[in-house]
Structures are given as C-alpha cells and as structure tokens.
Amino acid sequence: MEDTALVLEAIRPIITQQKVVINLLERKYENSQKEWMFKETALLLQLDKSKKALAAEIKARRREKKKAFLKGAILGAAISVALSASTH
C-alpha cells in the first residue's frame with residue numbers, strides 16, 4: 001500500500017503537468033478556431049463587397065451603353081430628318 005502511495009505521489013506532478021499542457025493545447029485550438037472564423041467572416045465580407053462593386057460596375061456600364069445607344073439613335077433620327085427635309 002505504501003508503494004502504491006509513493007508511486008501515486010511520484011506521478012502526480014507529471015499528471016498535473018500533462019493536464020496543464022492539454023488545457024493549453026485546447027485553448028490554442030479554440031483560439032485558432034476563433035481566428036479562422038474571423039478570417040473566414042472577413043473574407044466573406046470582402047467577397048460580398050467585391051460582388052456588390054462588380055454589380056455596380058456592370059450596371060454603370062449598361063447605363064453608359066444605353067446612353068450611347070440613345071444618343072446614336074437620336075443623332076441618326078436627326079440626320080434622317082435633316083436629309084429628308086433637304087431633299088424636298
């Protein structure tokens with residue numbers, strides 16, 4: 001019985017040290033998980049901003065094309081009217 005008590009007393013600091021190491025590793029894992037989640041969220045937000053910026057750019061280009069088309073149509077109609085008026 002004394003031998004068992006001596007062995008337990010001898011390994012108790014080792015067990016305590018192992019528990020401390022395990023706790024540190026668990027905290028490090030949890031922190032890395034949180035950090036990864038923050039990074040993932042930041043990347044998703046950046047992607048969302050990029051998608052919104054791209055959509056805005058596409059809309060702006062479409063508006064410019066529409067404006068250019070309308071200007072061309074108006075100019076074409078004006079030329080057609082002017083030519084028609086000059087031939088009569």
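1. Helices (H or I, at least four residues) and strands (E, at least two) are taken here as DSSP runs, numbered from the N terminus. On that basis the protein chain has one helix and zero strands. Helix α1 covers residues 2-87.

2. This is a predicted model, in which local features need pLDDT of at least 70 and side-chain atom pairs count only at pLDDT 80 or more, whereas totals for chains, interfaces and linings use all residues. Residues are numbered from 1 along each chain as its sequence is written, and side-chain values use heavy atoms, with hydrogens and water left out.

3. On overall dimensions, the radius of gyration (over C-alpha atoms) is compared with a globule rule of 2.2 Å times the number of residues to the power 0.38. The protein chain has 38 Å, while a compact globule of 88 residues would have a value near 12 Å. Along the principal axes, the C-alpha atoms fill a box of roughly 125 × 10 × 10 Å.

4. On burial, buried means under 20% relative accessible area, exposed over 50%, and partly exposed in between (1.4 Å probe, protein chains only). Of the 88 residues of the protein chain, 0% count as buried.

5. On charge, Lys and Arg count as positive and Asp and Glu as negative, with His and the chain ends not counted; each charge is placed at NZ of Lys, CZ of Arg, CG of Asp or CD of Glu. The protein chain carries 17 positive and 10 negative side chains, and the centres of the two sets lie 23 Å apart.

6. Side chains of opposite charge can pair when their charged atoms come close. With a salt bridge defined as a side-chain nitrogen of Lys or Arg within 4 Å of a carboxyl oxygen of Asp or Glu, the count comes to five.

7. One of these salt bridges joins Lys39 and Glu35 (3.2 Å, N to O). The two residues are four apart in helix α1 and so are separated by about one helical turn. Lys39 is partly exposed at 48% relative accessibility, and Glu35 is partly exposed at 44%.

8. Arg61 and Glu57 also meet in a salt bridge (3.1 Å, N to O), again four residues apart in helix α1, about one turn. Arg61 is exposed at 54% relative accessible area, whereas Glu57 is partly exposed at 39%.

9. In the salt bridge between Glu64 and Lys67, the closest N and O atoms are 3.9 Å apart. These residues lie three apart in helix α1, about one turn. Glu64 is partly exposed at 49% relative accessibility, as is Lys67 at 46%.
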